[in-house]
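Thanks for coming, everyone. I'll take you through one protein chain today. Have a look at it first.

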Amino acid sequence: MSQDVLINVNPFETRVALLEHGVLQEVHLQRASGPGVTGNVYLGRVVRVLPGMQAAFVDLGLERPGFLHVKDVRGAHWPDLEEPRAAGTAVPGIEQVLAEGDPVLVQVAKDPISGKGARLTTHVALPSRYLVLMPFTPHVGVSQRIEDEGERERLRTAVEALRDASALPCAGCIVRTVAEGAAEDALAADLAFLQRVWSRVDVQRRAAAAPALVYEELPVPVRVLRDLVGPGVDAIRIDAPETHARACRYVERFLPELRERVLLHEEPVPLFERFGVEDELARALEGRVPLRSGGHLVIDQTEAMTTIDVNTGGFVGTHSHEETVYKTNLEAAAAIPRQLRLRNLGGIVVVDFIDMEDPEHQRDVLRVLEKSCEADPARIRVSGLSALGLVELSRKRTRESLARQLCEPCACCAGRGFTRSPESVCFEIFRAILRDARSRDPRSQDAGPPHSAYLVRAAQPVLDRLLDENAADVDALAVRVGLPIRLQVEPSYAVEHFDVVLLQEVAGEPRDGRAPGRAPGPGA
């Protein structure tokens with residue numbers, strides 16, 4: 001497979017794009033203001049134990065405590081949990097494993113997402129090019145993506161022998177996919193490197209006071225070279241000399257066959273613009289994805305799940321409705337996994353394909369969907385068609401989606417995707433005036449200056465309606481409350497935002513007596 005890796009580096013942000021056959025497949029971002037913490041290892045301190053959730057919150061020294069479930073508490077903290085348990089023997093509860101104030105060595109499995117703290121595990125795993133070292137888990141495994149049984153057995157035997165002869169004979173290892181065909185010398189060098197890294201981590205965790213960072217994952221450019229780059233990469237293009245030099249050193253050590261493919265981009269046209277990545281990123285933030293046939297996808301990301309609707313759009317076909325639907329669904333099934341990977345959409349995904357009557361067509365669409373998911377490094381599980389014709393997927397989520405990284409909720413609608421209409425806001429204003437009029441004691445005016453009017457401050461579309469379609473309602477309301485209603489446009493207000501101000505005469509000048517009715521929403 002033809003691949004290109006583009007690395008765009010600036011003081012404020014680093015972006016990495018993976019292209020396959022010239023088409024953008026994956027984007028990684030790291031900003032100076034908020035670098036990701038996935039893969040970091042911390043000596044944390046338990047701040048709260050929740051038996052009802054079988055979990056604990058752990059202070060890492062970050063903005064929010066991390067979340068540690070009992071099923072992720074293993075190794076040094078409860079070695080017996082690694083052993084097979086007798087039938088009927090209960091698994092220890094979180095309150096038996098951890099207590100408030102306990103120090104605990106944890107690794108971040110998922111970045112903080114949508115207001116939630118980081119997901120933690122005590123299954124510490126230190127990755128390198130070919131291997132992943134697991135200091136507390138005495139197990140040697142091989143990536144399931146290596147399908148050749150002979151190669152799997154060769155790798156397992158070689159790594160077990162190297163591990164048994166090493167300084168950490170009780171540690172475990174996972175052989176990564178890129179190790180397929182790797183020589184034993186390369187595996188031995190990788191294992192020795194990981195053991196040195198763990199030795200440094202072990203020394204730091206014994207000397208540190210919780211909470212403390214004891215191991216930091218590699219920066220994005222080097223991490224992508226370690227995790228994504230393989231023999232099929234045609235070029236690694238970098239637009240920053242310092243990052244280019246660091247990448248060259250890494251490649252010379254671990255991927256010497258790719259040394260000539262690490263290129264410094266020196267053209268006047270920016271790297272991402274040169275390869276069309278900027279346009280693709282802009283399209284990846286849109287909810288509508290056009291298909292070549294004329295159909296389209298509608299992708300809607302919510303807190304609970306992501307929904308994808310398949311539509312024929314302008315594609316009318318040539319033979320029959322069933323054939324038109326079949327072709328559109330096939331094209332959508334091939335396009336959806338790329339969109340999930342590009343937008344980094346994780347969790348539950350529900351796809352509403354167009355209804356198909358032919359069972360063979362349904363099976364074909366599912367086969368294409370499953371086949372297209374195989375290219376995604378993240379684990380994707382696909383269910384069959386439900387009784388309602390929906391397909392459910394789950395995709396492993398370790399970091400925020402592209403939209404959540406690049407965007408923020410709309411200040412006008414607070415992320416709902418819609419705002420109240422000017423007509424609805426007018427009625428909110430009327431109710432606010434009525435509430436205030438009912439709450440005022442007419443006798444209270446005897447002790448002070450009389451009220452002169454209600455002043456309504458609102459956006460131009462709302463005032464236009466109050467002066468036009470609802471002008472008669474304004475006049476009727478003024479008669480009902482016994483005070484005139486004045487209108488004032490506020491250019492900085494969104495449609496939903498307004499103020500109702502009760503004016504009083506003081507020495508010939510009005511002063512505000514703010515009424516208690518205001519529209520909900522930001523800036524109201």
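Let's start with helix 5. Its buried residues are covered by, among others, strand 1 (3-9), helix 3 (184-207), helix 4 (220-227), strand 14 (233-238) and strand 15 (262-264). Keep in mind that this is a predicted model. Which residues of helix 5 are buried? They are Thr243, His244, Ala247, Cys248, Tyr250, Val251 and Phe254. The helix itself runs over residues 241-254, 14 residues in total. From first C-alpha to last it reaches 20 Å, close to the 20 Å expected at 1.5 Å a residue.

Now the whole chain. There are 524 residues, and 45% of them are buried. The secondary structure comes to 13 helices and 25 strands. Take the contacts between residues at least 6 apart in sequence: 66% of those join residues at least 24 apart.

Next, the cores. The largest nonpolar core has 30 residues. Leu126, Leu131, Leu187 and Trp198 touch the most other members. Several elements each supply at least two residues to this core, including strand 4 (41-50), helix 2 (149-164), strand 12 (172-175) and helix 3. Helix 3 gives the largest share, six residues.

Leu131 is then in contact with Leu126, Val159, Ile174, Val175, Arg176, Leu187, Asp190, Leu191 and Leu194.

On to a helix pair. Helix 11 (residues 422-439) and helix 12 (residues 460-467) pack at about 75 degrees, axes 9 Å apart. The two are therefore roughly perpendicular to each other. From helix 11, the contact uses Pro422, Glu423, Val425, Cys426, Ile429 and Phe430. Helix 12 brings Pro461, Val462, Arg465 and Leu466. Eight of the contact residues are nonpolar, none is polar and two are charged.

Last, some backbone details. Most residues other than glycine have a negative phi, and most peptide bonds are trans. Here are the exceptions I picked out. The bond from Ala210 to Pro211 is cis, with omega near 0 degrees. Pro211 sits in the loop between helix 3 and strand 13. Gln54 has a positive phi, near 50 degrees. Gln54 is in the loop between strand 4 and strand 5 (55-59).

And Asn344? Its phi is positive too, about 55 degrees. Asn344 lies in the loop between helix 8 (321-343) and strand 19 (347-352). Is Asn344 buried or exposed? Buried, because its relative accessible area is 9%. Gln54, at 23%, counts as partly exposed.

Definitions and conventions: Residues are numbered from 1 along each chain as its sequence is written. This is a predicted model: local features need pLDDT of at least 70, side-chain atom pairs count only at pLDDT 80 or more; totals for chains, interfaces and linings use all residues. Side-chain values use heavy atoms; hydrogens and water are left out. Helices (H or I, at least four residues) and strands (E, at least two) are DSSP runs, numbered from the N terminus. The expected span of a helix is 1.5 Å times one less than its number of residues. Buried means under 20% relative accessible area, exposed over 50%, partly exposed in between (1.4 Å probe, protein chains only). Contact means heavy atoms within 4.5 Å. A nonpolar core is a set of buried Ala, Val, Leu, Ile, Met, Phe, Trp, Tyr and Cys residues joined through side-chain atoms within 4.5 Å. Axes are lines fitted to C-alpha atoms, for helices over the stretch in contact, and angles run from 0 to 180 degrees between N-to-C directions. Angles under 35 degrees count as roughly parallel, over 145 as roughly antiparallel, 65 to 115 as roughly perpendicular and the rest as oblique. Ala, Val, Leu, Ile, Met, Phe, Trp, Tyr, Cys and Pro count as nonpolar, Asp, Glu, Lys and Arg as charged, and the others, Gly among them, as polar. Lists of a residue's contacts leave out its neighbours within four places in sequence.
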